[in-house]
Amino acid sequence: MFNDRSTPLSLLATRRSGKARDMVAPGPTAGQLDRLLTVAARVPDHGKLAPWRFIVVDNRAALADVLDAAYRTETPEAGRIALDAVRRFAVEAPCLVVVMSRPVVPSSIPVWEQEMSAGAACAMLCAAASAMGFVANWLTGWAAYSPVVTAAIGEPGERIAGFVFVGTAAKDLDERPRPDLATVVRRWDG
């Protein structure tokens, strides 16, 4: 069973992302979204800098236009299939939150730690959505690294940490391969 909400640890042990393209309504209400973002903001944040922010995308058609224009500029040889996929990305799932990394500089807190806090905000948003009975999908892709997209929706000095889609799973979730702990855990005793 995925996203088993019987206990907090069960949820974390069974949490599974849903594919944004497979999400349907309902998505979170305005009140539920406020609660999700409140939880997502409770991440480790050395120095209490809040080096991230959340952009709730209400006008998905406008985002599709931004992505389309950016992709055409950055990939002039793009064909119809790629351009259609770019536009679909903007309108997948009932809810989309763009998490921006915005390190505070200068600061005694290293930028790397601040960027990790933004990543933790993405992960916490996904976990909170699962706890609320939704599925979430944290995606990056070319748009997260596009200076044109970042400039259109962000502010100077920000980077896109992720596009977090939230909705209801339209079909059963499949498990994906997970690493064998023996390959990712090492003991060190000096």
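Modeller: Arg16, Glu175 and Arg178 are linked in a network of salt bridges, a salt bridge being a side-chain nitrogen of Lys or Arg within 4 Å of a carboxyl oxygen of Asp or Glu. Please keep in mind that this is a predicted model, in which local features need pLDDT of at least 70 and side-chain atom pairs count only at pLDDT 80 or more, whereas totals for chains, interfaces and linings use all residues. Residues are numbered from 1 along each chain as its sequence is written, and side-chain values use heavy atoms, with hydrogens and water left out.

Now to the helix itself. H3 has 15 residues, and the distance from its first C-alpha to its last is 21 Å, close to the 21 Å expected at 1.5 Å a residue; the expected span is 1.5 Å times one less than the number of residues. Helices (H or I, at least four residues) and strands (E, at least two) are DSSP runs, numbered from the N terminus. Along H3, the residues Arg60, Leu63, Ala64, Leu67, Asp68, Ala70 and Tyr71 are buried, where buried means under 20% relative accessible area, exposed over 50% and partly exposed in between, with a 1.4 Å probe and protein chains only. These buried residues of H3 pack against H4, E3, H6, H7 and E5.

The packing can be followed into the largest nonpolar core, which has 25 residues and in which Leu67, Val98, Val149, Ile160, Phe163 and Phe165 have the most contacts. (A nonpolar core is a set of buried Ala, Val, Leu, Ile, Met, Phe, Trp, Tyr and Cys residues joined through side-chain atoms within 4.5 Å.) Two or more residues of this core come from each of H3, H4, strand E3 (95-101), helix H6 (142-145) and E5, and H3 gives the most, with five residues. Leaving aside neighbours within four places in sequence, leucine 67 is in contact (heavy atoms within 4.5 Å) with Val86, Phe89, Ala90, Trp142, Ala143 and Val149.

Aspartate 68, placed in helix H3, is buried because its relative accessible area is 12%, and, residues up to four places away in sequence being set aside, aspartate 68 touches Leu83, Val86 and Arg87. Arginine 87 also forms a salt bridge with aspartate 65, with the closest N and O atoms 2.8 Å apart. Since arginine 87 lies in helix H4 (residues 80-91) and aspartate 65 in helix H3 (residues 60-74), this pair ties together parts that are 22 residues apart in sequence. Both partners count as partly exposed, arginine 87 at 32% relative accessibility and aspartate 65 at 45%.

Within H4, aspartate 84 forms a salt bridge with arginine 80, the closest N and O atoms being 3.1 Å apart; because aspartate 84 and arginine 80 are four residues apart in the helix, about one helical turn separates them. Aspartate 84 is partly exposed, at 32%, whereas arginine 80 counts as exposed, at 60% relative accessibility. Across the whole structure, a search finds nine salt bridges.

Finally, the cysteines. The structure holds zero disulfides, a disulfide being a pair of cysteine sulfur atoms within 2.5 Å. Cysteine 95 is in no disulfide, and the nearest cysteine sulfur, that of cysteine 126, is 11 Å away; cysteine 95 is buried, with a relative accessible area of 7%. Cysteine 122 is likewise buried, at 0%, and its sulfur lies 7.0 Å from the closest cysteine sulfur, in cysteine 126, which is too far for a bond.
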